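This briefing is for a reader new to the structure.

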Amino acid sequence: MSILKAKPNTYNVPLFGEGSLKRRTIFVSILSIICAIYAINSDYNLATGTGNLSMVLFLAANVYMPAKRIRLKYTFREDVQPYFNKLLVYHIWLNTASFFVACVHCYITLWSNNWLMLALFLMGWLTFGGFLMWIKYQPGKFKKGMYLLHTQQIVFFIMIFAMLKGHYVI
């Protein structure tokens with residue numbers, strides 16, 4: 001007789017991580033200190049340093065997407081879901097941190113344009129939409145619509161286009 005294990009899914013992944021509160025607090029504190037040091041020292045001023053930090057956090061957060069596509073295309077061992085659950089939590093929090101650092105970057109730079117405002121708005125929309133997807137008591141239609149709006153690649157590509165156009169063309 002075999003013992004059936006419950007398959008972990010993304011509905012029961014703790015958003016605030018696993019382990020003791022002390023361990024999570026230490027991890028977030030060390031990560032915040034490293035990010036602050038990076039933002040201050042990565043370029044000649046804090047404005048471009050925060051932009052660089054936002055980009056690094058954004059890239060680290062979105063490693064989840066190609067990894068998920070690769071996982072869906074190829075067959076792997078069955079026990080990789082816990083790793084993807086942890087990667088999903090990193091995706092959520094690093095994108096949130098990237099958005100907040102982008103807001104700081106936008107605030108401390110003395111110039112802005114409509115393309116960059118559009119990029120920041122879309123980045124905020126995707127971040128906020130991701131958190132709305134996480135809420136478990138939503139009506140089914142709303143959750144399905146939010147999933148479709150959050151996962152549409154066209155919004156992501158428009159955001160990247162607006163970011164590049166705002167930084168390098170204008």
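A search of the whole structure finds zero disulfides, a disulfide being a pair of cysteine sulfur atoms within 2.5 Å. The model is predicted, so local features need pLDDT of at least 70 and side-chain atom pairs count only at pLDDT 80 or more, while totals for chains, interfaces and linings use all residues. Residues are numbered from 1 along each chain as its sequence is written, and side-chain values use heavy atoms, with hydrogens and water left out.

**Cysteines**

- The closest cysteine sulfur to that of cysteine 106 belongs to cysteine 103 and is 7.1 Å away, too far for a bond.
- Cysteine 106 counts as partly exposed at 23% relative accessibility, whereas cysteine 35 is buried at 14%.
- Buried means under 20% relative accessible area, exposed means over 50%, and partly exposed is in between (1.4 Å probe, protein chains only).

**Aromatic pairs**

- Rings of Phe, Tyr and Trp (its six-membered ring) pair if their centres lie within 6.5 Å; planes under 30 degrees apart count as stacked, over 60 as edge-to-face and the rest as tilted.
- By this rule the count comes to four aromatic pairs.
- Phenylalanine 58 and phenylalanine 156 are stacked, because their ring centres are 6.0 Å apart and their planes are at 15°.
- This pair ties together parts 98 residues apart in sequence, because phenylalanine 58 lies in helix H2 (residues 46–61) and phenylalanine 156 in helix H7 (residues 153–169).
- Helices (H or I, at least four residues) are DSSP runs, numbered from the N terminus.
- Phenylalanine 58 is buried at 13% relative accessible area, and phenylalanine 156 is partly exposed at 30%.
- The rings of phenylalanine 156 and phenylalanine 157 have centres 5.6 Å apart and planes at 65°, so this pair is edge-to-face.
- Phenylalanine 157 is partly exposed, with a relative accessible area of 49%.
- Ring pairs link Phe58, Phe156 and Phe157 into a cluster.

**Charges over rings**

- A charge sits over a ring if NZ of Lys or CZ of Arg is within 6 Å of the ring centre and within 35 degrees of the ring normal.
- The charged end of arginine 71 sits over the ring of phenylalanine 84, 4.9 Å from the centre.
- Lysine 73 has its charged end over the ring of tyrosine 74, 5.9 Å from the centre.

**Helix H7**

- Val155, Met159, Ala162 and Gly166 are the buried residues of H7.
- They cover an arc of only 65° around the axis, so they are on the same side of H7; the arc is that of the directions from the helix axis to the C-beta atoms.
- Ile154, Tyr168 and Val169 are exposed on the other side of H7.

Technical notes: Helix = DSSP H or I, 4+ residues; strand = E, 2+ residues; numbered from the N terminus.
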